[in-house]
Amino acid sequence: MISSIIDDKTIERLRAFINGVQHIVITCHKSPDGDALGSSLALCHVLRRLGKDAVVVTPDMAPKSLEFIPGVRELVVLTKHELRARNVLNEAQLLFCLDFNSMKRIDRLGELVEPLKVRRVLIDHHLDPDDAFDIMISHPDASSTCELVFRVLMQMGLLRLMDRHAASCLYVGLLTDTGGFAYSCDNPEFYEILASILKRRIDRINLYNKAMNTFSADSVRLQGYAVSEKMQLFPEQGAALITLSKEELERFNYNRGDTETLVNKPLAIPEIYWSVFLREDTDKIKVSCRSQGDFSVSDICARYFNGGGHFNAAGGELTCSLDEAVALFKQILADLFPDKDNSQEQTIQEQE
Ligand code: 5GP
Ligand code: MN
């Protein structure tokens, strides 16, 4: 039995908000991932089947690797369709904010959204949300925003409108935000939700392969290069660091999404329980962190990398050079492990 974790009053308010409007905009965080796109597009599908004019507006483009998600081609992308985005926002009577906890996470779209006189509904699973929302459905314990969208639909009695398309979208978020059902999915109800989604006869294997195991040849080579040539291990501190410069990315014809799962790779090594990936972007260093077990990378990203995220998966940004970012990483090692020699990479002794 899937329990009702959202209180009835919130559900009734949400029902009243939706019933009272026709034009609904849904938005999600910049550099949208499978959960951001999956949850937004699933909600959009269902609202349309309810007779609403619903549109998903994103701050920037979806990566090529996620173009298979049903509805991605209909996204209104601010950086690409500026005029259309402005028009849709001006018509909006209700705004859903999915898979982010602060307006800072939607970049310039935040500036366009701020003056709008519309109600805002947050559905999210990140820690410490802003309080700039009329309804807050914030559950950091949830596996994904897709799980929360499912629960909202269930509690509103709208699951009958969740067709194969919407179910496929939700499946992608449940899958990708748990690293392929590896973490953040200890709640048995997660599998009941999955069962309900599978009953919509989604093309599960195809979605799994596209979401988890499809990379271009350049991307596979780039990941191999990064692991073989650029991974530094600090086993005494359980840490790994991978860096890729702009020049290295260009050498492998980098496209967004090409390094999506790279930061997880060092965690396969038993001694390593947290991993940092620094990618040199045009005007910033993008930071990705992952950990296993009782080690919070969201704390590290909030404290050092102007970011945040989840306990075991977080990220941030730095406006400095790649060398300075590496120096900061070494500083973190020194701060967290003052008794260890943090000056250089250590080798892992071969087991006899
Ligand atoms: P990724 O490493 O895949 O980019 O992000 C992992 C998680 O960290 C995501 O859930 C994302 O929401 C969060 N995250 C990534 N980048 C940032 C950032 O710049 N700021 C904040 N607050 N969170 C981030
Ligand atoms: Mn998410």
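Residues are numbered from 1 along each chain, and chains are lettered from A and ligands numbered from 1, as written. In this predicted model, local features need pLDDT of at least 70, side-chain atom pairs count only at pLDDT 80 or more, totals for chains, interfaces and linings use all residues, and side-chain values use heavy atoms, without hydrogens and water.

**Exercise 1.** Find which residues coordinate the manganese ion (ligand 2).

Solution. 
- Look for donors (N, O and S atoms within 2.8 Å of the metal, 3.2 Å for Na, K and Ca; water is not among the atoms, so sites may look incomplete).
- Asp35 (OD), Asp99 (OD), His125 (NE2) and Asp177 (OD) coordinate the ion, at 2.2 to 2.3 Å.
- Their spacing along the chain is D-x63-D-x25-H-x51-D.

**Exercise 2.** Decide whether Asp35 and Asp177 are buried or exposed.

Solution. 
- Take the cut-offs: buried is under 20% relative accessible area, exposed over 50%, partly exposed in between (1.4 Å probe, protein chains only).
- Asp35 is buried, and Asp177 is too.

**Exercise 3.** Describe the side chain of Arg279: is this residue buried or exposed, and which side chain does it meet in a polar contact?

Solution. 
- Arg279 has 12% relative accessibility, so Arg279 counts as buried.
- Apply the polar contact rule: a pair of N or O atoms within 3.5 Å; within protein, one must be able to donate a hydrogen and the other to accept it, and residues adjacent in sequence count only if both atoms are side-chain atoms.
- The partner of Arg279 is the side chain of Tyr254, at 3.3 Å.
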